[in-house]
Amino acid sequence: MNSIEKQNILNYLPEELEAIISELGEKKFRASQIFGWLAKGVSCFDDMKNIPAALRADLEERYYIGIPEAVRRQESKDGTVKCLFEFADGTQVESVFMKYEYGNSICISSQSGCRMGCTFCASTLDGLDRSLTGGEMLAQVLAMRKLTGEDIGHVVVMGMGEPFDNYDGLSKFIRLIHEKKGYDLGLRNITVSTCGLIPKIREFAVDFPQVNLAVSLHAPNQKLREQTMPVAGKYGYDDLMQACREYTELTGRRITFEYAVIDGVNDSAACAKELASRLKGWLSHVNLIPLNEVRGREYKTANGKSVAAFKKILESNGVAVTVRRTLGSDIDAACGQLRRNR
Ligand code: SF4
């Protein structure tokens, strides 16, 4: 049996592992022990020291531990580490480790490639390769922790792919990483970013009301949003805003709107005023992102002056706003570039 035919053991929750262990004729409590070892980041069954040798051999025959290999790695002077990870079947994804005042964070991918087609994004240039499993999303965190030797206390699902286009994988990942017997990451330390798949926003509000939600807006109106985000053709601006309002009402939680500021496209004072009028009085927060320029895309990042002016207009209208600190500016920081520039 080769490793591709075996199942990735990182995909199983403790209760699912219990069923597997029982089938192998072992005591159920072994499942918690194995789950604990996996969260520690072990890469082979023989490292599970308190597991009987016969059980380890049985597991080895049927399962593999799907920790990806770092096939490319870039490190920035500011401590940002960007990795191109490769899974056993050759699928490649990017993950980025970042240091913030509040602690270390990782941005992980939910898919290899993306089919959403945002015109400023490198991840979508070759379309969707495939969605990742929950275990493969968790494996990026485990692999990055091992590679950097640093604890990781915050996870952002904002790398390659649209997480809500892989809702099953995303849900499984959140359950896996939150599980007390394993990584035990608080739900409030997880942020999921979507380009605006409305039915899934509603589902997510019910399933995971404690997980942070960020919506990539990037425009103050439908006409402009359609120019850069094809998803707007399916899910219109007003409907998206309505779903976001419902999200804040249902969860009582603030929603973050991501806004990549693109020179000459969406950075004008008129755009800022229109966005402010949309968001005034909301339980929301705007995150202005200086665009990471992408080879093969013509967009340029807005200059510091226009970003500052944009921010001022939002603030003067009572809209909470921050400008995202540019991390890893000396490396291929734009998502999807490391995979393409290999
Ligand atoms: S910005 Fe996100 S949703 Fe849009 S194409 Fe890129 S990865 Fe996909």
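## Lys311 and helix H11

In this predicted model, Lys311 touches Leu288, Val321 and Val323, when neighbours within four places in sequence are left aside. Lys311 is part of helix H11. The residue counts as partly exposed because 18 C-beta neighbours lie inside 10 Å. Asn287 is 24 residues away from Lys311 along the chain, and the C-alpha atoms of the two are separated by 9.5 Å.

Helix H11 covers residues 304–316, which makes 13 residues. Just after H11 comes Gly318, with a positive phi of about 80 degrees.

The domain assignment divides the protein chain into domain 1 (7–64) and domain 2 (69–340). Taken over C-alpha atoms, the centres of domain 1 and domain 2 are 33 Å apart. Contact between the domains involves twelve residues of domain 1 and 16 residues of domain 2. On the side of domain 1 that touches domain 2, helix H2 (residues 29–40) gives the most, with five residues. That side of domain 1 consists of seven nonpolar residues, five polar ones and no charged ones.

## Helix H2

Helix H2 has twelve residues, and the distance from its first C-alpha to its last is 17 Å, close to the 16 Å expected at 1.5 Å a residue. The buried residues of H2 include Arg30, Ala31, Ile34, Phe35, Leu38 and Ala39. An α-helix has 3.6 residues a turn, so residues three or four places apart point the same way. Helix H1 (14–23) and helix H3 (53–62) are among the elements that cover the buried residues of H2. After H2 comes Gly41, which has a positive phi near 95 degrees.

## The nonpolar core

The largest nonpolar core contains 94 residues, and Ile106, Leu138, Val141 and Ile177 have the most contacts inside it. Helix H4 (residues 134–148) supplies the largest share of this core, seven residues. Both domains take part in the core, with at least three residues from each of domain 1 (7–64) and domain 2 (69–340).

What does Leu138 contact, beyond its neighbours within four places in sequence? Its partners are Leu10, Phe173, Leu176 and Ile177.

## The ligand shell

Around the ligand lie Cys114, Met116, Gly117, Cys118, Cys121, Ser123, Thr124, Met160, Gly161, Glu162 and Cys195. By class, the residues of this shell are six nonpolar, four polar and one charged.

Most residues other than glycine have a negative phi. Asp184 has a positive phi, near 55 degrees, and is not a glycine. Asp184 is in the loop between helix H5 (167–178) and strand S10 (190–194). Is Asp184 buried or exposed? Asp184 counts as exposed because it has 10 C-beta neighbours inside 10 Å.

His218 is likewise not a glycine, and its phi is positive, about 60 degrees. The loop that holds His218 runs between strand S11 (212–216) and helix H7 (222–228). His218 is buried, because 25 other C-beta atoms lie within 10 Å, whereas Asp184 is exposed.

Methods. Residues are numbered from 1 along each chain as its sequence is written. This is a predicted model: local features need pLDDT of at least 70, side-chain atom pairs count only at pLDDT 80 or more; totals for chains, interfaces and linings use all residues. A residue is near a molecule or strand if its C-beta atom, placed from the backbone, lies within 6 Å of it. Ala, Val, Leu, Ile, Met, Phe, Trp, Tyr, Cys and Pro count as nonpolar, Asp, Glu, Lys and Arg as charged, and the others, Gly among them, as polar. Helices (H or I, at least four residues) and strands (E, at least two) are DSSP runs, numbered from the N terminus. The expected span of a helix is 1.5 Å times one less than its number of residues. A nonpolar core is a set of buried Ala, Val, Leu, Ile, Met, Phe, Trp, Tyr and Cys residues joined through C-beta atoms within 7 Å. A residue is buried if 20 or more other C-beta atoms lie within 10 Å of its own, exposed if 12 or fewer, and partly exposed in between; C-beta atoms are placed from the backbone. Domain bounds come from an automatic or database domain assignment. Two residues are in contact if their C-beta atoms, placed from the backbone, lie within 7 Å.
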